[in-house]
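Me: Hey, can you walk me through this structure? I'd like the overall picture before the details.

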Amino acid sequence: MTTEPRRRRLVPAIALLLLAPWTAECSWGGFTLTGMPFVVLVLAPMYGGAALLIRETARRLGLGWPGIALLAAAFGVIQAGLVDQSLFNPGFLDDTEFADTRAAAEVTMVPGLGFSARQAVDYVGNHVVLTICAPIALVESYLGAGRRTRPWLGRPGLAVAALLWLGGSLLVFADDGGRKNFLASPAQLAFATGVALALVTAALLRHRHAGPPPVAPTSVTPPPAGPTPVGRPLADAPQARPATAPRPVWPALVVVVAYLGATIAPGWPGVALALALATVAAVLLTRWSRRQGWEQRHVLATAAAGLVVAAALAYTVPTYAPASPAVALVGDVAISVVVLLLVGGAWWRVSRSAARDRRRAAAPAGRPASPPA
C-alpha cells in the first residue's frame, strides 16, 4: 500500500473519473460543446468507474498494458452487450443522426446471434482506445515516473470505483434512453457474458507468460557469458546488442494506420481488414514494448494517437442530436483544442520528467543533479 498523502492519490483518480467519459463520448464529435458537461457528469460513474477499476486492477496485479487492453475489451463487450445492449439492438441508432448506418451494419450480421460484426468491432475497439487506454495513459503521463504504475486507491477506494461502475451501468440499463426498451435474448446475453469472461481470464493469466521487462539502459556493458577465443582480449569479444525501441512516432503511426484502415472497406472485407490491422498492431506494440528504451513517451504516443485521430474525424461526423453547422463546428474546434492541450501538456510533463531523470543519473555521486527548487 502506498504511503502517499490521500490528496495526491485522489487527484489523478478524480481526473481519470472525469476524463474517461469525455474521451469516450465527446472526443469524436458525438455532442455539442454545451452538451459535453452533462454527458461527463452523467456518464462519469459508468465510464470513469470502469477506467479506474481496470487501471487499479492492472497496476495491483502487474498486468501491464496488454492486460489493460484485454480488460478494456471485456468492458466494451459488457457495455455494448449487457448494459445498453446496443450490440444486439438493430434500431439503437434509429433516433439519432446515425440512423443511416443501419443498412451498412446489417450487411455483417452474425447468423444465430443477431449482431453486426462491423458494429462489434467499432464499439469494442473504440472502448479500448478511447474509453480506457487513452485517458489512463494521459493521466499517468502527468505524474512522476515513480507514481505512474503505483496504485492510487486502497481497498475502500477500489470498492467505491466498483460501486460507481455498477451503479452507473444500472442507471443506463434502466433508463429509457439508455437501453431504449430493448432486451436481448438469453442466448445473446449468454454469448456476451462468455466473451467478456474469456477476455478477463486472458487478462489475468497473460502476465504469467509475459517476457521479462525491458532492460534499463546502462553505461557498463556486461562481459559475454561464454569463454573467449584463446589469445583474444575480453574487451574485443563479440557482444550481442539488445534491440532498442523505435522512436515514439512509429508506434503512433501503427495505431493511426490501424484506426483509419479499419474504416476504409465496407462489409465483411472491412471487418477482416480491421481485425487483421488490430492484430498486427498488437503484435508490433507488444514486441516493441519489451525492447530496451521503451518508456512513457512511447506509451503516451501510442495511446494518444487514437484520440488525436478521433478528434480530427470529429469534423466529418454528425452529433447524435441535430445541430446547426455553426454549433457543430464550435464543438469540433473545442474538441481539437482540448485534445491538443491534454496531449501537449502530457508530452511536456513526460519530457521534463525524463530530462530530470537523465540529469540525476549523470550527476556525480554526492552532488545534487539539479539545484533545489
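**Overall layout**

Reply: Going along the sequence, the protein chain runs α-α-α-α-β-β-α-α-α-α-α-α-α. That pattern comes from eleven helices and two strands; helices (H or I, at least four residues) and strands (E, at least two) are DSSP runs, numbered from the N terminus. Keep in mind that this is a predicted model, where local features need pLDDT of at least 70, side-chain atom pairs count only at pLDDT 80 or more, and totals for chains, interfaces and linings use all residues. Residues are numbered from 1 along each chain as its sequence is written, and side-chain values use heavy atoms, with hydrogens and water left out.

Me: How much of the protein chain is buried?

Reply: Buried residues are 42% of the 373 residues in the protein chain. Buried means under 20% relative accessible area, exposed means over 50%, and partly exposed is in between (1.4 Å probe, protein chains only).

Me: Ok, salt bridges next. How many does the structure hold?

Reply: Eight salt bridges. The term means a side-chain nitrogen of Lys or Arg within 4 Å of a carboxyl oxygen of Asp or Glu. Side chains of opposite charge can pair when their charged atoms come close.

Me: Which side chain does Glu-140 meet in a salt bridge?

Reply: Glu-140 pairs with Arg-59, at 2.8 Å from N to O. This pair links distant parts of the chain, since Glu-140 is in helix H5 (residues 117–141) and Arg-59 is in helix H2 (residues 36–61), 81 residues apart. Glu-140 counts as buried because its relative accessibility is 1%, and Arg-59 is buried too, at 12%.

Me: And which one does Asp-95 form a salt bridge with?

Reply: Lys-180 is the partner of Asp-95, and their closest N and O atoms are 2.9 Å apart. Asp-95 lies in the loop between helix H3 (64–83) and helix H4 (102–106), while Lys-180 lies in the loop between helix H6 (155–174) and helix H7 (186–206), so the pair ties together parts 85 residues apart in sequence. Asp-95 is exposed because its relative accessibility is 58%, whereas Lys-180, at 22%, is partly exposed.

Me: Which residues do salt bridges with shared partners join into one network?

Reply: That network is made of Arg-55, Glu-56, Arg-59 and Glu-140. Within it, the side chains of Arg-55 and Glu-56 meet at 2.8 Å, N to O, and both of these residues are buried.

Me: Switching topic: how many residues has helix H8?

Reply: Helix H8 (residues 249–261) has 13 residues. From first C-alpha to last it reaches 18 Å, close to the 18 Å expected at 1.5 Å a residue; the expected span is 1.5 Å times one less than the number of residues.

Me: What covers the buried residues of H8?

Reply: The cover includes H5, helix H9 (267–289) and helix H10 (296–313). Among the buried residues of H8 are Val-254, Val-255 and Tyr-259.

Me: Last one: where is Arg-147 found?

Reply: Arg-147 is in the loop between H5 and H6. Its relative accessibility is 14%, so Arg-147 counts as buried. The C-alpha atoms of Arg-147 and Arg-9 are 9.1 Å apart, although 138 residues separate the two along the chain.

Terms used:
Contact means heavy atoms within 4.5 Å.
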